[in-house]
Amino acid sequence: LVDHKIRGISGEVGGQAGGQKYLAQGIFFKVASDHLHIYGGEEFAKKSCSHELKSMSALLRCSNQEAL
């Protein structure tokens with residue numbers, strides 16, 4: 001098992017809502033949480049994160065279709 005560095009970057013990228021942000025091997029990760037009590041609970045923070053992922057997936061699908 002290779003030991004990779006995982007670096008917290010929450011203060012370096014925009015936005016405080018939605019959870020802690022990390023960077024590992026050039027890949028951006030966000031762990032959904034309501035640590036600032038913005039969403040009214042962990043379940044709502046997770047739902048927001050799910051919508052962000054769906055939006056990014058749709059955007060990437062559109063970009064890939066234009067390249068065809």
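## Elements of the chain

Helices, taken as H or I runs of at least four residues, and strands, taken as E runs of at least two, are DSSP runs numbered from the N terminus. On that basis, the elements of the chain in this predicted model run β-β-β-α from the N terminus on, which amounts to one helix and three strands.

The three strands form an open sheet in the order 1-2-3, and their pairing is antiparallel. Because strand 1 (6-8) and strand 3 (27-32) stand at the edges, each with a single partner strand, one side of each is left without a neighbour in the sheet. From one strand to the next, the twist averages 30 degrees.

Between strand 1 and strand 2, the latter covering residues 19-24, there are three bridges, and the two strands run antiparallel. Within this part of the sheet, Ile 6 has Ala 24 of strand 2 standing opposite.

## Contacts, burial and surface

When contacts in the chain between residues at least 6 apart in sequence are considered, 0% of them join residues at least 24 apart; contact here refers to heavy atoms within 4.5 Å.

Of the 68 residues in the chain, 16% are buried, where buried stands for a relative accessible area under 20%. The accessible surface of the chain comes to about 5,600 Å², and carbon and sulfur atoms account for 60% of that surface.

Definitions and conventions:
Residues are numbered from 1 along each chain as its sequence is written. This is a predicted model: local features need pLDDT of at least 70, side-chain atom pairs count only at pLDDT 80 or more; totals for chains, interfaces and linings use all residues. Side-chain values use heavy atoms; hydrogens and water are left out. Buried means under 20% relative accessible area, exposed over 50%, partly exposed in between (1.4 Å probe, protein chains only). Accessible areas come from the Shrake-Rupley method with a 1.4 Å probe; for residues, only the protein chains shown count as cover. Two strands pair if DSSP finds at least two bridges between them. Axes are lines fitted to C-alpha atoms, for helices over the stretch in contact, and angles run from 0 to 180 degrees between N-to-C directions.
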